[in-house]
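Subject: Structure handover

Hello,

Here is the structure we talked about. Please open it and keep it beside you while you read the notes below.

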Amino acid sequence: MQQWVHYEGKEGPGIGKHIVFVSGDEEYRSEESLPMMARILSQRHGFTCTVLFAIHPETGEIDPNTQTNIPGMEHLQKADLLFMCLRFRELPDNQMKYFDEYLQAGKPMVALRTSTHAFLYSRNKESVYAKYSYNSKAKNWESGFGKTVLGETWVSHH
């Protein structure tokens with residue numbers, strides 16, 4: 001069963017370009033807003049868009065409270081742009097590797113709001129990707145992905 005949505009661009013300036021949207025926050029309803037944005041960009045501007053969701057592993061349903069599963073991360077291998085809205089995710093290494101490869105390739109990304117604290121590794125602190133955690137103390141990755149890549153990490157709530 002396919003656990004993401006895909007919109008094929010038909011015509012417009014975005015033809016031939018692929019945007020991968022990654023939703024995973026339980027506060028701002030990115031699982032609702034990102035598919036709407038993807039559809040607009042595909043239909044009006046020609047981009048091919050794939051939207052990934054936090055999926056409950058037992059029910060197979062979209063569940064923003066599931067912090068450890070976003071199927072389809074391999075779509076990042078062919079993405080021209082990553083558009084993310086994540087909060088406190090702890091993805092397994094076999095999913096996170098695609099995010100890491102995308103980032104290391106220096107490709108463009110748009111990171112909304114809570115993406116400054118996109119990752120929180122509390123269960124698997126031995127993961128090679130634990131450095132992405134917003135509270136990381138790893139050398140050259142202090143305060144994780146948010147601080148190192150985006151310029152700021154989580155400071156406080158609201």
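Which residues point one way from β3, and which the other way? Thr48, Thr50 and Leu52 point one way, while Cys49 and Val51 point the other way. In a regular strand the side chains alternate between the two faces of the sheet. All of these residues are buried. Please note before going on that this is a predicted model.

Strand β3 covers residues 48–52. Five of its five residues are buried, so the strand is mostly covered, with buried meaning under 20% relative accessible area.

Two strands pair with β3. One is β1, residues 4–7. Four bridges join β1 to β3, and the two run antiparallel. His6 has its bridge partner in β3: Thr50. The other is β2, residues 18–24. Five bridges join β2 to β3, and here the strands run parallel. His18 stands opposite Thr48 of β3.

How does the chain get from β2 to β3, and what is the hand of that crossover? The chain passes through helix α1, residues 30–45. This β-α-β crossover is right-handed.

**The aromatic residues**

Now to the rings. The structure holds 10 aromatic pairs. One of them is Phe99 with Phe119. This pair is edge-to-face, with 5.2 Å centre to centre and 70 degrees between the planes. The planes count as edge-to-face because the angle is over 60 degrees.

Where do these two residues sit in the chain? Phe99 is in helix α2, residues 93–104. Phe119 is in the loop between β5 (109–111) and α3 (144–150). The two are 20 residues apart, and the pair links distant parts of the chain. Phe99 is buried, at a relative accessible area of 1%. Phe119 is buried too, with a relative accessible area of 1%.

A further pair is Tyr129 with Tyr132. This pair is tilted: 6.4 Å centre to centre, 50 degrees between the planes. Are these two tyrosines buried or exposed? Tyr129 has 11% relative accessibility and counts as buried. Tyr132 is buried, with a relative accessible area of 1%.

Which residues make up the aromatic cluster? Phe99, Phe119, Tyr129, Tyr132, Trp141 and Phe145 form one cluster.

Best wishes

How values were computed:
Residues are numbered from 1 along each chain as its sequence is written. This is a predicted model: local features need pLDDT of at least 70, side-chain atom pairs count only at pLDDT 80 or more; totals for chains, interfaces and linings use all residues. Side-chain values use heavy atoms; hydrogens and water are left out. Rings of Phe, Tyr and Trp (its six-membered ring) pair if their centres lie within 6.5 Å; planes under 30 degrees apart count as stacked, over 60 as edge-to-face and the rest as tilted. Buried means under 20% relative accessible area, exposed over 50%, partly exposed in between (1.4 Å probe, protein chains only). Two strands pair if DSSP finds at least two bridges between them. A crossover is right-handed if, with the strands pointing away from the viewer, the path from the first strand over the helix to the second runs clockwise.
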